[in-house]
Amino acid sequence: MDLISGFVRIRPHARPGDPAPVADHVVPFLRGGCPEVFPGWPASEGVYDGPHSATVCPACLPQRRLTADIEEPYLYTHPHTRTHAPYEPLTYLVGSTPAHGVDLDLVTVLDEAGFTRAGWLPLPGLEDTYVWDHPVDHTRVILHATGLEFHLHHRHTGQRFHTRLGPRFGPMQLREVLAEGGYQTGEKDPDSTPGATGTGPHPALPAGGRLLTPTEAAHLITTGDHPGAAQGSLAFNAALIEALHTGRIVAACMPDGTLTFTHGHLG
Ligand SMILES: [Zn+2]
């Protein structure tokens, strides 16, 4: 990251016929030139796909000015004067743009979780990127052509994690991923039990397990879509589902697909 000597603000020109405007944004400015490869380029910034794409340098500045208003770069006078914390996005939105063409549920849930800075932001190597930044936590959610990417950190441990949902997902899956990052969203799944969603990992959740909502777990049990299905019986499954819905137990899905159950703590 020491290659970065400052930042530059880009205000893309509106192009007639564009369904949605690209948001004003800031990208790194590299006084010494955009490099062929950028070691350590973070995944939350897209893919560093060569010089003069994700970054701006004196050589590509005139070309960039043909399609955008670009202010004079803000330069660090000395590396120690940099005000950019290491975990803050390098390419970031300035303000927001309308979420034309973005699913309203998605917009609502992310807004509730505090991802209030949102807009069409060009990130190299990713197509059609709509980005939500959390202005306080400096975490990011990216919607692009092949799904939704989360660059979050666990609220309690601070540990960063990166996860994604494919192109088809429901609000419930979205809330679960956000809950893993400690984000609470306003609307609760009517089937969920208090303490089972919205407050981060369940204290009794086994390491590596993903917390399931009662509805999800019941679905897996009734359809037998898990490796331990052969060991169940109708009566046993019915008892499990009953216990899930009343919150006496919570279910987690382990990385190998098996279900585990722990006693629910309902606070
Ligand atoms: Zn350049």
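**Close-up views of a predicted model**

**Figure 1. Strand β1 and its antiparallel partners.** In this predicted model, strand β4 (residues 74-75) is joined to β1 by two bridges, and these two strands run antiparallel. Within this pair, F7 is found opposite Y74 of β4. Strand β1 also pairs with strand β2 (residues 25-29), again in the antiparallel sense and over five bridges, with R9 standing opposite V26 of β2.

Figure 2. R11 belongs to strand β1, which spans residues 6-12. R11 counts as partly exposed because 14 other C-beta atoms lie within 10 Å, a number that falls between the limit of 12 or fewer for an exposed residue and that of 20 or more for a buried one. When residues up to four places away in sequence are left out, R11 touches D24, A68 and D69. The view also takes in R65, which is 54 residues from R11 along the chain, while the C-alpha atoms of the two arginines are separated by 9.6 Å.

**Figure 3. The open sheet from β6 to β10.** Five strands form an open sheet in the order β6-β7-β8-β9-β10, and their pairing is antiparallel. At the edges of this sheet stand β6 and β10 (160-165), each of which pairs on one side only. From one strand to the next, the twist averages 10°. Inside the sheet, β7 and β8 run antiparallel and are joined by four bridges; in this pair, L143 of β8 is the bridge partner of Y130.

**Figure 4. The largest nonpolar core and a separate one.** The largest nonpolar core holds 26 residues, and the members with the most contacts inside it are V131 and V141. At least two residues of this core come from each of β5 (92-93), α2 (104-112), β6 (117-120), β7 (130-133), β8 (140-144), β9 (147-153) and α3 (171-180). Leaving aside residues up to four places away in sequence, V141 touches L110, F115, W132, L148 and F150. Another core, which lies apart from the largest one, has 13 residues, including F7, C34, A54 and C57.

**Figure 5. Helix α3 and its buried residues.** In α3, the buried residues are L174, R175, E176, L178 and A179. An α-helix has 3.6 residues a turn, so residues three or four places apart point the same way. Among the elements that cover the buried residues of α3 are α2 and β11 (210-212). Just after the helix, G182 adopts a positive phi of about 85°.

**Figure 6. The protein as a whole, as context for the close-up views.** Five helices and 13 strands make up the secondary structure elements of the protein. The protein has 267 residues, of which 29% count as buried. Among contacts in the protein with a separation of 6 or more, 57% are accounted for by residues 24 or more positions apart.

Notes:
Residues are numbered from 1 along each chain as its sequence is written. This is a predicted model: local features need pLDDT of at least 70, side-chain atom pairs count only at pLDDT 80 or more; totals for chains, interfaces and linings use all residues. Two residues are in contact if their C-beta atoms, placed from the backbone, lie within 7 Å. A nonpolar core is a set of buried Ala, Val, Leu, Ile, Met, Phe, Trp, Tyr and Cys residues joined through C-beta atoms within 7 Å. Two strands pair if DSSP finds at least two bridges between them. Axes are lines fitted to C-alpha atoms, for helices over the stretch in contact, and angles run from 0 to 180 degrees between N-to-C directions.
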